[in-house]
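Have the sequence and the 3D view at hand as you read.

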Amino acid sequence: MAFLKPKEDTAVQVDFDNLPRHVAIIMDGNGRWAKRRGLPRTAGHAAGAETFRTIATYCQKIGLDYLTVYAFSTENWKRPLEEVSAIMGLLKKYLLESIEKMERDHIRLHFFGDLSPLPAELREMCDRTDAISQRYDGMQVNVCLNYGGRDEIVRAARAFAADCAAGKREPAALTEEAFSGYLYSAGIPDPDLVIRPSGEIRISNFLLWQSAYAEFYYTDVLWPDFSKEELHRALAAYQGRSRRFGGV
Ligand code: IPE
Ligand code: IPE
Ligand code: MG
């Protein structure tokens, strides 16, 4: 077994041969991080985007199969237009850069969420990124953009109802597995571990269906300050849990 002791915290031991397959992160706390530094909230989002890059690259390096990150929720449109525009601008910038880097890192980027209300240029970039990703077989990163767990479930129900109306499906024959196939996460295993930085202890409409049996890890660290060491702590906590899935 490969054990690693980060210098910063010798109490943390991660078994890298026994990692969760799928980690999901609610990237929260960008605004407070900026406020503490007397910076505009948008500076926090820029710092958060850098953290995402670092953590995603590290997750690929240690061999995770899936990383799902919450980047923009269906509720985040309530924010001031200026902040929403800045986030969209950062996403565009990040995607442009990652299209170049994906070839090197073989990280596959995929999107969960209704992309139709996004600026056309960003939407086009998401489609391009998705298409390029099909060629690789590395870790898959799912970026949740205009994503809401309830919205996802309603859309799935609608799509299923449409299939029933078209005679392709039978309502009485619907199973949990078949319903999962209508979600953005179709074909992807459920997250094993959901991490939320920033001290908030809530799910905020993230992966409601998929996290039915996920382990949760909360930390007060704000997302822009989230480090590899913090990820080690989360992984070690996960490895110390006993998952029973309702059994004994
Ligand atoms: C998370 O950081 C990023 C998005 C929701 C887009 P916040 O912007 O929510 O940061 P806080 O919670 O205000 O600190
Ligand atoms: C959740 O954070 C959404 C993302 C990180 C994208 P929020 O900051 O929007 O969540 P609440 O409002 O604190 O629940
Ligand atoms: Mg927040």
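The report below goes through the surroundings of each ligand in turn.

## A predicted model

Please keep in mind that this is a predicted model.

## Around ligand 1

Start with ligand 1, which sits in the largest pocket. Helix 1 (30-36), helix 2 (41-62) and helix 3 (81-105) are the elements that each give two or more residues to its shell. Helix 1 makes the largest contribution, with three residues.

In total, 13 residues surround ligand 1, and the closest are Asp28, Gly31, Arg32, Arg41 and Arg79. By class, the shell has three nonpolar, five polar and five charged residues.

Now zoom in on the oxygen atoms of ligand 1. One lies 2.7 Å from an N or O atom in the side chain of Arg79. Polar backbone atoms take part as well: an oxygen atom of ligand 1 is 2.9 Å from one in Gly31 and 3.1 Å from one in Asn30. The protein covers 86% of the 380 Å² of accessible area that ligand 1 has on its own.

## Around ligand 2

Next comes ligand 2, whose space is the largest pocket.

Which side chain has an N or O atom 2.6 Å from an oxygen atom of ligand 2? That is Ser204. For Arg202 the corresponding distance is 2.8 Å, and for Arg79 it is 3.3 Å. Of the 390 Å² of accessible area that ligand 2 has on its own, the protein covers 78%.

Key. Residues are numbered from 1 along each chain as its sequence is written. Chains are lettered from A and ligands numbered from 1 in the order in which they are written. This is a predicted model: local features need pLDDT of at least 70, side-chain atom pairs count only at pLDDT 80 or more; totals for chains, interfaces and linings use all residues. Side-chain values use heavy atoms; hydrogens and water are left out. A polar contact is a pair of N or O atoms within 3.5 Å; within protein, one must be able to donate a hydrogen and the other to accept it, and residues adjacent in sequence count only if both atoms are side-chain atoms. Accessible areas come from the Shrake-Rupley method with a 1.4 Å probe; for residues, only the protein chains shown count as cover. On a 1 Å grid over the protein atoms alone, a cavity is a set of points where a 1.4 Å probe fits but cannot get out, and a pocket is an open set with protein on both sides within 12 Å along at least five of seven lines; lining residues have an atom within 4 Å of a point. A molecule sits in a cavity or pocket if more than half of its atoms lie within 2 Å of its grid points. A residue is near a molecule or strand if one of its heavy atoms lies within 4 Å of it. Helices (H or I, at least four residues) and strands (E, at least two) are DSSP runs, numbered from the N terminus. Ala, Val, Leu, Ile, Met, Phe, Trp, Tyr, Cys and Pro count as nonpolar, Asp, Glu, Lys and Arg as charged, and the others, Gly among them, as polar.
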